[in-house]
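Visitor: Hi! Could you walk me through this model while I have it open?
Guide: Happy to, here it comes.
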Number of protein chains: 2
Amino acid sequence: MPKPEPERLSRPARVAEAIKSWVVAANLAPGDRLPGEADLIARFGMSKGTIREAMRILEAQGLVKTRTGPGGGPFVHEVSAARARALLGNYFYFKDMTVADIYQLRILLEPEMAAGLAGNLSEADLAALEANLSRYEAPPANAEEERAQHVASLDFHAMLAGHADNPLLGFLIGFMAQMLSDLTVYRRLYEPRNYALWRTGREHQAALIDALRRGDAGAARSVMTAHMEGARDFMVRQEAEMEQRFLAGR
Amino acid sequence: MPKPEPERLSRPARVAEAIKSWVVAANLAPGDRLPGEADLIARFGMSKGTIREAMRILEAQGLVKTRTGPGGGPFVHEVSAARARALLGNYFYFKDMTVADIYQLRILLEPEMAAGLAGNLSEADLAALEANLSRYEAPPANAEEERAQHVASLDFHAMLAGHADNPLLGFLIGFMAQMLSDLTVYRRLYEPRNYALWRTGREHQAALIDALRRGDAGAARSVMTAHMEGARDFMVRQEAEMEQRFLAGR
DNA sequence: ATCTATTTGTACGTATGTATT
DNA sequence: AAATACATACGTACAAATAGA
């Protein structure tokens, strides 16, 4: 005789699942109201604490937001890209992902995205990209400035990712840029840096903007490929190591 | 004069963040104990409910597991791949990702993974892959069986992904396989299916196993490329549409 | 600007469930 | 079997935030 169905999930977890199923069944959209605390207590016949814990679970996943006050309560919320990145980052916290791992994918994916973007960006978008270039025009004066410029040059890719029409591709590139930003770079101070290589990266980005503006997908792809290969070589020389992040805030 | 630092996060959320920071600072590993409920109540000077909500947040993110009973309490937990997939799936629930979007990445990534796997799988792994092939040896008798075989053929890729040495690449391929498994296929019943194309896919997988066993990275890559292109064409004929999932359980 | 109503947020005491010894 | 140590659940009371009169 089989066991009488072991309900292994805690009550809050089950309530959270029930609410999610309901959202799907009712096809609710972001912004739609969910029943308030009191209502849920009545419907599920559970205590305030249990219901509140359930809401926290949904909130932690980024699916729900609650507001206090009149007209307040829980609302369906679209999971933000930032939240998704943080949550996924938690997974990789326990894996030892290297910079080389990330570049293995960047070299494949960034050129593909660049090709798809050619001719599809507004002049405003292109101008914003050009404005970003100026953030690392001058050679960095010190280590801190260098790090800031490095992050800024990653923002360039995140900006591009925001315009990708393939949401999976766009998210991924944004995620990788974030992971690289969260990087701690240990570098041998006695070894002179290769500024020429760094400069080349900036020129690649400028050339890429040009190709995107002209709508030349082939050129965009090949420039990006060169850019990624150069960036990979640059990073390899930095003896970089992933910083252990472990945050899923926001 | 700047605002006196608006603490916008709720107390449980702040507690959750504090615990995460502490885990990082103390460099705790999966399996390590966290302070128990009573202890946390004392340390943070907050009520039981607040602390419990904080633990739910961490649990929902997959970072913590709690056990009841003596010797029980909260423990650091490694975020499982399944959890990470579910959490990331929530993000794409609100985006409209198409099958074509997924295949745009699969065509780039699966061959890369295959090449890296050549010669690096144990005979047991290879045997398991071959055993999986038998699950879709015979032509499907009905729609239900066809769907089962389709999922099984995706398992093949998930199994490969489990052996990838690049954790990012491995996760991604597993994620895409899962998304495709969660697919609802609407197909015109009056239109005859292309079983030849389907068969070809199976033959590709067999050839791939052979290449992996021989350690022929180049062959593995090109076979996988052909396999992906075939699979894409197959899927396109299916008028497929992503099922709206919205679950992050487990 | 103040009050008021509404709804979530926090606290705390108690009781129950569960696993270890 | 019993005692112990821990999380889990409940109910009530009160605090804080916000929208509207």
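Guide: One term before we start: helix axes here are lines fitted to C-alpha atoms over the stretch in contact, and angles run from 0 to 180 degrees between N-to-C directions. Also keep in mind that this is a predicted model.
Visitor: Got it. At what angle do the axes of H1 and H3 of chain B cross?
Guide: Helix H1 (residues 11–25) of chain B and helix H3 (residues 48–60) of chain B cross at roughly 60°, and their axes come within 8 Å. That makes H1(B) oblique to H3(B).
Visitor: And is the crossing left-handed or right-handed?
Guide: H1(B) passes H3(B) in a right-handed crossing.
Visitor: Which residues make that contact?
Guide: From H1(B) there are Arg11(B), Pro12(B), Ala13(B), Val15(B), Ala16(B) and Ile19(B). H3(B) brings Thr50(B), Ile51(B), Glu53(B), Ala54(B), Ile57(B) and Leu58(B). By class, the residues of this contact are nine nonpolar, one polar and two charged.
Visitor: Nice. Switching to the two chains, how many residues of chain A are in contact with chain B?
Guide: The contact takes in 42 residues of chain A and 42 residues of chain B. On the chain A side, helix H1 (11–25), helix H3 (48–60), helix H4 (81–93), helix H5 (99–117) and H8 each supply at least two residues.
Visitor: Which of them gives the most?
Guide: That would be H5(A), with seven residues. The side of chain A that touches chain B has 25 nonpolar, eight polar and nine charged residues.
Visitor: Why do you say the copies meet through the same surface?
Guide: Because 100% of the interface residues of chain A are also interface residues in chain B.
Visitor: Buried or exposed?
Guide: Met176(A) is buried, because 23 other C-beta atoms lie within 10 Å, and the cut-off for buried is 20 or more.
Visitor: What does Met176(A) contact, leaving aside its neighbours within four places in sequence?
Guide: Met176(A) is in contact with Ile102(A), Leu105(A) and Arg106(A), once those neighbours are set aside.
Visitor: And how far apart are Met176(A) and His204(A)?
Guide: They are 28 residues apart in sequence and 19 Å apart in space, C-alpha to C-alpha.

Conventions:
Residues are numbered from 1 along each chain as its sequence is written. Chains are lettered from A and ligands numbered from 1 in the order in which they are written. This is a predicted model: local features need pLDDT of at least 70, side-chain atom pairs count only at pLDDT 80 or more; totals for chains, interfaces and linings use all residues. A residue is buried if 20 or more other C-beta atoms lie within 10 Å of its own, exposed if 12 or fewer, and partly exposed in between; C-beta atoms are placed from the backbone. Two residues are in contact if their C-beta atoms, placed from the backbone, lie within 7 Å. Helices (H or I, at least four residues) and strands (E, at least two) are DSSP runs, numbered from the N terminus. Angles under 35 degrees count as roughly parallel, over 145 as roughly antiparallel, 65 to 115 as roughly perpendicular and the rest as oblique. A crossing is left-handed if the near helix is turned anticlockwise from the far one by less than a right angle, and right-handed if clockwise. Ala, Val, Leu, Ile, Met, Phe, Trp, Tyr, Cys and Pro count as nonpolar, Asp, Glu, Lys and Arg as charged, and the others, Gly among them, as polar.
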